[in-house]
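Please open the structure in a viewer and keep the selection tool at hand.

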Amino acid sequence: MAEVVTKAHPHAQEAPAVTPPDELVDERLVKAHFTASAFFFVIAILGGLTFSMQFLRHYPFVGVEWLAPGRVRMVHTNMVAYGFIANAFVGGVTYAIPRLTGQKLLNKTLGWVIFWLWQVTVVLTIFGILAGQAQGVEWSENPRWVDPIVAVAWLMMAIQIYPAIIRAKEKAMYVSLWYFTAGLLWFGLVHLMGSIVPQYFIPGVGGAAVAGLFIHDLVGLFVTPFGWGLMYYFVPLILKKPVYSHTLSLIGFWGLAFFYPLNGIHHFMFSPIPMYVQYGAVISTVAVEIVVTSVVVNFFLTLRGSGHYVLYNLPIRWFFLGMIYYFTTCLQCAYQVTLSAQKIIHFTDWVVGHSHLVMFGVFGLWIKGFITHLWPRLTKRQWYSVRWLDWHFWLVAFGMFIMFMDLTIGGLIQGFVWAALSPWEDSIVWSIPFWGVRTFSGLMIFTGTMMWVLNLWLTAKKPYADLPGFEEVPPEKAVKA
Amino acid sequence: MHRIEKFSFVFFGAGFGLLFFSVFMQAVLPVLVLRHIPMAHVEDIAKNVDPAFLDEARRWPEQFKKYFPDGPTSKSYAEALRVGRDAYVAEACWHCHSQFVRPISNEDMRWGKISYASEYQDELQLPPLLGTRRVGPDLSRESWVHSNDWHAAHFFRPVNVVPVSVMPEFPWFFDDNKLPNKKGLSIIAYVQWLGSWVPEQERVKEANPQGDPLDLLGITPEMMDKAAKEHPIKIAEPAKADAAPAAAVPAAVPAAAAPEAAPAAPAKAETLDDIPIKKDRWATEDKLDKSWVVGIE
């Protein structure tokens with residue numbers, strides 16, 4: 001398999017093995033999902049960047065109702081979750097599941113129906129929120145009338161992928177397939193619960209318990225399983241070696257399934273939700289950190305002996321950095337969930353830093369990893385610019401690091417200023433420098449992202465396929481015999 | 001090892017089983033605990049029309065008549081609360097303001113009574129607006145902290161009222177004449193309603209110079225003077241231990257002891273006016289009242 005080689009490497013002299021044409025995977029569909037993912041990612045970052053300008057009192061669209069900062073903020077979070085991450089994951093499993101099971105997904109047309117239905121959902125979300133129809137459920141601010149469409153898309157996705165897994169050629173499933181199986185079911189149930197129960201049935205504190213469960217399960221039972229599943233698929237594939245420990249991956253999966261859903265209330269500590277549930281959330285959050293460590297350990301031990309891949313192979317570098325951020329953020333989570341830490345950090349920018357580190361610093365980077373790996377194979381073209389890929393990596397790596405450190409420190413300052421009973425305005429004044437640095441780091445991430453998106457486009461636009469093994473030579477350039 | 005790696009086991013065991021277990025533990029159980037607190041409907045809440053809503057009708061009569069032709073009735077108050085809450089959700093106010101006073105970090109000193117379960121059991125907390133981030137202050141005790149015209153100015157352009165504010169402007173809550181339209185009237189009524197149900201809510205915040213709550217209550221300065229004359233505040237006898245701390249003051253600040261001794265014990269202090277102001281208070285640090293200093297709980 002052709003690797004993305006960024007420096008002269010001893011193995012680069014060998015002729016890479018050619019992948020035979022793949023009949024299992026609808027590669028056009030995978031490419032479409034990745035394209036949509038990149039497109040909505042740009043919109044998400046633009047939304048985040050503009051919103052951050054409001055905190056510096058330089059909002060570019062002052063007084064325009066359709067681009068009100070609050071609405072743009074909700075567009076930002078929903079584009080990240082449903083535009084960027086969901087599209088990338090669906091593309092990823094559309095590639096991975098047929099190859100893991102040896103079976104095609106159920107129906108090619110259904111795959112495209114799901115694709116278009118999902119993009120319609122995302123676009124309706126943008127316009128609905130900007131029009132002032134947002135729903136008051138965090139991470140599901142898409143309008144109420146969009147939620148049924150999401151449920152339909154999910155049902156179609158289940159019909160599309162479960163038959164392939166059930167009919168898999170090997171009855172004992174690889175760990176990625178457990179994650180995809182459970183993750184898809186979890187997403188459907190969690191989305192139904194989150195969009196219906198707090199909105200129509202249970203108000204107040206009970207509703208907050210369900211809302212907290214929804215927020216957390218969206219990350220832990222949708223984003224995490226698909227992310228882990230895809231990581232467990234692509235990393236051994238690229239490294240050409242098996243995962244270090246199958247047993248450890250099993251422990252990781254069942255630990256996630258048991259502990260992760262019990263964390264939900266940690267979004268509302270010290271609230272009137274019954275204390276035994278809150279204590280349970282603390283204990284299970286710390287327990288989940290132990291489970292996460294199993295995944296991190298598995299990754300690093302798989303990587304042991306192949307460390308040079310981090311230098312020369314960009315997808316592995318993305319996974320590597322994502323893993324470092326992952327261990328950091330989950331360790332941070334185990335600490336910040338404790339009631340003592342919650343006294344200061346709840347409601348502050350610390351939490352915003354944490355959520356960016358998770359959604360972007362971990363899963364965003366992993367997504368870039370496997371899209372970077374797959375894009376040449378899907379387009380049958382070598383990268384337009386490998387240097388731009390490097391630039392993208394370093395701008396994003398540093399941008400994310402700066403944003404995380406900045407918001408964590410800013411959050412601590414806010415928390416202590418509030419607890420000291422200083423006038424509220426003090427916390428605003430003290431936060432402004434941190435918000436400035438945040439906007440700067442956002443600009444770094446935006447620049448890197450635009451380089452990547454441009455690279456994706458320019459690669460795909462190349463007139464002739466030039467991936468080794470798939471070269472197309474135009475007739476006029478053919479060597480005359 | 002094989003069975004737990006098979007599709008059906010993963011699907012039913014992790015997929016359904018463990019998820020429903022967690023939903024039971026974290027959603028069903030708390031709801032069962034809270035089941036005896038009935039959910040209040042907006043119409044019931046609106047039966048007590050908050051004086052802030054009446055003040056809106058008095059303050060902006062043409063606007064009010066235009067958007068609530070029935071006047072400040074219970075029915076129009078219910079509508080205002082609904083429209084106001086919907087605007088609060090649509091503009092993502094809940095992403096920068098919380099509605100949840102925690103029992104720690106001195107929040108009760110800053111805002112008032114700590115949040116309790118039954119205050120959230122109403123239709124306007126469906127879905128709940130406890131919030132997960134504070135850029136601006138908590139709003140669950142916001143009722144009557146500021147007057148209606150403060151809110152109108154603040155929604156129109158927050159920096160005019162709070163110069164360091166990063167809150168966005170909401171000109172679409174106002175008509176061309178810069179007076180609140182239906183959304184504006186409604187969201188002000190909604191914010192003024194938040195916390196009005198708390199019995200211990202201090203309606204008159206002496207430390208807050210920004211509101212005019214006395215005006216809202218219909219109390220005039222003449223009424224205040226008359227009440228002060230008719231009902232002077234009685235002071236208890238000054239404690240005899242006052243003389244002892246004066247003697248304990250170190251010789252390094254002898255000047256402080258002299259004025260201290262002079263007004264130490266007037267014959268009988270009947271009202272606040274009888275007690276002279278001690279101008280040198282800060283010189284005697286060991287007598288400084290430190291009861292206001294609180295640590296983080």
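**First stop: two helices in chain A**

Select A:R71, A:V72, A:M74, A:V75, A:N78, A:M79, A:Y82, A:G83, A:A86 and A:N87 in α2(A), which meet A:W118, A:Q119, A:V122, A:T125, A:I126, A:I129 and A:L130 in α3(A); contact means heavy atoms within 4.5 Å. By class, this contact has 11 nonpolar, 5 polar and 1 charged residues. Here Ala, Val, Leu, Ile, Met, Phe, Trp, Tyr, Cys and Pro count as nonpolar, Asp, Glu, Lys and Arg as charged, and the others, Gly among them, as polar.

The model is predicted: local features need pLDDT of at least 70, side-chain atom pairs count only at pLDDT 80 or more, and totals for chains, interfaces and linings use all residues. Residues are numbered from 1 along each chain as its sequence is written, chains are lettered from A and ligands numbered from 1 in the order in which they are written, and side-chain values use heavy atoms, with hydrogens and water left out.

**Second stop: A:G48**

Next, select A:G48 in helix α1 (residues 27–54) of chain A. Is A:G48 buried or exposed? A:G48 counts as buried, at 18% relative accessibility (buried means under 20% relative accessible area, exposed over 50%, with a 1.4 Å probe and protein chains only).

Colour chain A by secondary structure to see 14 helices and 0 strands; helices are DSSP runs (H or I) of at least four residues, strands (E) of at least two. The C-alpha trace spans about 85 × 50 × 45 Å along its principal axes. Of the 481 residues in chain A, 65% are buried.

**Last stop: chain B**

Finally, select chain B, which has 13 helices and 0 strands. Buried residues make up 44% of its 297 residues.
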